[in-house]
Amino acid sequence: MGGRVQVHMPSTIRAREPFRLLFAGQSLSVVGDRMMAVAIAFAVLEIGDATDLGIVLAASGIPFALFAIAGGVLSDRVGRRRTMIASDVIRALCQATVAALLLTGTAEVWMLVVASAVYGAGSAIFMPALMGLIPQTVPPDRLQEANALLGFTRSVANVAGPAIAGVVIALGEPGDVIAVDALTFAVSAACLIALRPKPVPAGAGHEDDEDFLARLRTGWREVRARPWLKVGLGAMASYHVFVLPAVFVLGPALAERELDGASSWATIVACWGIGTAVGNLVAFRVSIRRPVMVAALALVGASAQGVILGSGLGTAGIAALELVAGVASSLFFTLWDTSIQEQVPPHAISRVSSYDFSVSLGLMPLGMAVAGPIAATAGLHATLVGLGVLGMLAALAWLAVPDVRRVRRAAPAPPEPPADAMPVADQPVPPEPGIVGANGARFERSASVDER
């Protein structure tokens, strides 16, 4: 009994699609990032203590909050691809320097703090540019698919990155992992150099003549003009300030105090990671006509993580519910990113995204800093449930905005006829049976594109 299994490659990463280069570079780079997160912890602890580790990690978060908005303006002004190449080169050099310091035994904590700050600034200008570049590499009707593929890659990297880092550290030392991370940034930069995205349509008026502050105001006007986006930024901030700190800071403490410690927490985190992968697969396969409304509903589910952890259920019950929350979380982020890319004018996407990253990842360290002291005063379970409820209320307030339910995805445009198509009246008559007709040749013309 013979048969053949056919694997259909997503259209966005087929050989002729420019997104394939972006996808390849980002897939490798995000694995390197997840590896680095493990390695830097062990590297700092070898030469310092837990306080030093906190300082090093905070050193990357503060520049991110400061430079994210500037990065959005910069990328919309000089070009998203150029901004991302510069960011990758800076981070590759930064990580190569850190690897050399660690491998030669000359690293000191203050050096790692400086390198972490440079790394954070590079990431801050990269992320808004990435959001703006994705629509330049895929057709409009494939945006959700592209974002889901990138999200799925991050879900896989959350598991594969730490596992690979553990093997490398066991065979060598943390500096080897940092060196691998530097190499992934170099490969990502090479992919971006080879990438030829579609040009960005020019903005209204004389935007090219505007200064930094004027461009910043233009981006904020785009946010204010869309109630779903303005209120959504508040809900996004609440998720990162209330919910995620409850998970990252108080979740391990709960596992250590009331469950089976690290093994319970590993099970919970693994189930959440599986859920995010499932959610991205759903987003990849299902076309959603009201993406903002579904994103708001998904954020309600994702924000329930604090309540789930504080529910008093055992490891199995928490892990099962965290899997569902992981599905909701990845659906939210994929649909949120896609909605910004579809609803905001192309020339302003990076600037609008910069506000997104500033109020989410930029404010997240604030929640990390206060979650522990609040739990010490109010109690662990009460704090987990309270922070989760605050996040859910913010998501419900977003869902209540009428504009959220009005936004719909545009129907896909009909395919354009081939450039060499002739009117029906001018088409040649097919030869009669038995008469041999001339063979026609089919030529494919690749459009010449460049980046604004």
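Mentor: Buried residues account for 48% of the 452 residues in the protein chain. The model is a predicted one, and the protein chain has 16 helices and zero strands. When contacts between residues at least 6 apart in sequence are considered, 87% of them join residues at least 24 apart. The accessible surface of the protein chain comes to about 21900 Å², and carbon and sulfur atoms hold 67% of that area.

Against this background, helix H14 may be examined. Just after the helix, Gly-379 adopts a positive phi of about 105°.

The next matter is which residues of H14 are buried. They are Met-364, Gly-367, Ala-371 and Ala-375. In an α-helix there are 3.6 residues a turn, so residues three or four places apart point the same way. The cover over the buried residues of H14 includes helix H8 (227-258) and helix H15 (380-399).

Trp-336 and Trp-398 form an edge-to-face pair, with 5.5 Å centre to centre and 80° between the planes. Because Trp-336 lies in helix H12 and Trp-398 in helix H15, the pair ties together parts that are 62 residues apart in sequence. Trp-336 counts as buried because its relative accessibility is 1%, under the 20% cut-off. Trp-398 is likewise buried, with a relative accessible area of 0%. Both tryptophans belong to one aromatic cluster, which is formed by Trp-228, Tyr-239, Phe-332, Phe-333, Trp-336 and Trp-398.

Helix H12 (residues 315-343) also contains Ala-319. Ala-319 is buried, its relative accessible area being 4%. Leaving aside residues up to four places away in sequence, Ala-319 touches Thr-267, Ile-268 and Cys-271. The C-alpha atoms of Ala-319 and Leu-309 are separated by 9.1 Å, and these two residues are 10 residues apart along the chain.

The aromatic pairs can also be considered across the chain. Their count comes to nine. The rings of Phe-19 and Phe-23 have their centres 6.0 Å apart and their planes at 35°, so this pair is tilted. Phe-19 and Phe-23 both lie in helix H1 (residues 19-47), four residues apart, which is about one turn of the helix. Both of these phenylalanines are buried.

Arg-91 is found in helix H3 (residues 80-103) and is buried, with a relative accessible area of 4%. The side chain of Arg-91 makes a polar contact of 3.2 Å with the side chain of Ser-123. Apart from residues up to four places away in sequence, Arg-91 touches Tyr-119, Gly-122, Ser-123, Phe-126 and Phe-185.

Note on methods: Residues numbered from 1 in each chain as written. Predicted model: local features only at pLDDT ≥ 70, side-chain atom pairs only at ≥ 80, totals over all residues. Heavy atoms only, no water. Buried < 20%, exposed > 50% of the residue type's maximum accessible area, 1.4 Å probe, protein only. Helix = DSSP H or I, 4+ residues; strand = E, 2+ residues; numbered from the N terminus. Contact = heavy atoms within 4.5 Å. Areas by Shrake-Rupley, 256 points an atom, 1.4 Å probe, with all protein chains shown as cover. Polar contact = N/O pair within 3.5 Å; in protein donor to acceptor, adjacent residues only side chain to side chain. Phe/Tyr/Trp six-rings, centres within 6.5 Å; stacked < 30°, edge-to-face > 60°.
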